[in-house]
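Q: Hi! I'm new to this one, could you walk me through it?
A: Happy to, let's look at it together.

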Amino acid sequence: MAEVFGPSKDSIALWVKQLEKRLAIVGGRKQNFKAIGHLTSQKIVRNVGLPLVNQFLAQGYALVRILSALKIKPSTYYNWRQWQPSRQEKRRESLKPYILDVWKTFKFYGYRRIAAYSQQTDGPKVSEYMTLKLMRELGIKSRMQKRYRKPKTVVTVDQKPNLLTPEQVNPPKFYYTLTFTDYFNVVKLTSA
């Protein structure tokens, strides 16, 4: 029956397990995933979905059944098939080996030094921000991390001596008590 009418529930469950395995392999970085209903809680992206659909097509399943089971619109599938990397993506991919090579040569260089090195040499010119983004994609960092040092105040003038005594700095507290007599008010000062 499954060959005549399309995939069975067991086949769909198998597809979901295979998809989750592939997403677990790809998911080194956190990607923007959205819910796909009851099948999986992750959005299928081009670099995972297209090979998966092609694999099921090679097994002989109908394209309409595969796309409906994976909740992929046909227009999305055909866009994936015709996708070509943009000029910017091609340039980024061509810069990755260069940045990795510079980093392997100078492990203590951070993104700013690598960018400055690229400006000074005959290699491709790369900005600091592009270098930073590509280094993050490649998962590389400088071996030398700059520690944060709290800024210290520098006193260039000799300090004057403190002329106040401790009693003047913290004077004793006084409470005022008013008493009334026949002709005048008397004020008593009492210390705390």
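Q: How many helices and strands are there in the protein chain?
A: The protein chain has nine helices and two strands. Keep in mind that this is a predicted model.

Q: And what pattern do they follow along the sequence?
A: Going along the sequence, the pattern is α-α-α-α-α-α-α-α-α-β-β.

Q: What share of the residues is buried?
A: Of the 192 residues in the protein chain, 22% count as buried. The accessible surface is about 15,800 Å², and carbon and sulfur atoms make up 54% of that.

Q: Let's switch to Lys 96. Where is it?
A: Lys 96 sits in helix H6, which covers residues 87-105.

Q: Is Lys 96 buried or exposed, and why?
A: Lys 96 counts as buried because its relative accessibility is 16%, and the cut-off for buried is under 20%.

Q: What does its side chain pair up with?
A: The side chains of Lys 96 and Glu 93 are joined by a polar contact of 3.2 Å. Setting aside neighbours within four places in sequence, Lys 96 is also in contact with Leu 134, Glu 137 and Leu 138.

Q: Now helix H7. Which residues are buried there?
A: In H7 (residues 111-120), the buried ones are Ile 114, Ala 115 and Ser 118. They lie on the same side of H7, because they cover an arc of only 100° around the axis.

Q: What's on the other side of H7?
A: Arg 112 and Gln 120 are exposed there.

Q: And what covers the buried residues of H7?
A: The cover includes H6 and helix H8 (128-138).

Methods: Residues are numbered from 1 along each chain as its sequence is written. This is a predicted model: local features need pLDDT of at least 70, side-chain atom pairs count only at pLDDT 80 or more; totals for chains, interfaces and linings use all residues. Side-chain values use heavy atoms; hydrogens and water are left out. Helices (H or I, at least four residues) and strands (E, at least two) are DSSP runs, numbered from the N terminus. Buried means under 20% relative accessible area, exposed over 50%, partly exposed in between (1.4 Å probe, protein chains only). Accessible areas come from the Shrake-Rupley method with a 1.4 Å probe; for residues, only the protein chains shown count as cover. A polar contact is a pair of N or O atoms within 3.5 Å; within protein, one must be able to donate a hydrogen and the other to accept it, and residues adjacent in sequence count only if both atoms are side-chain atoms. Contact means heavy atoms within 4.5 Å. The arc is that of the directions from the helix axis to the C-beta atoms.
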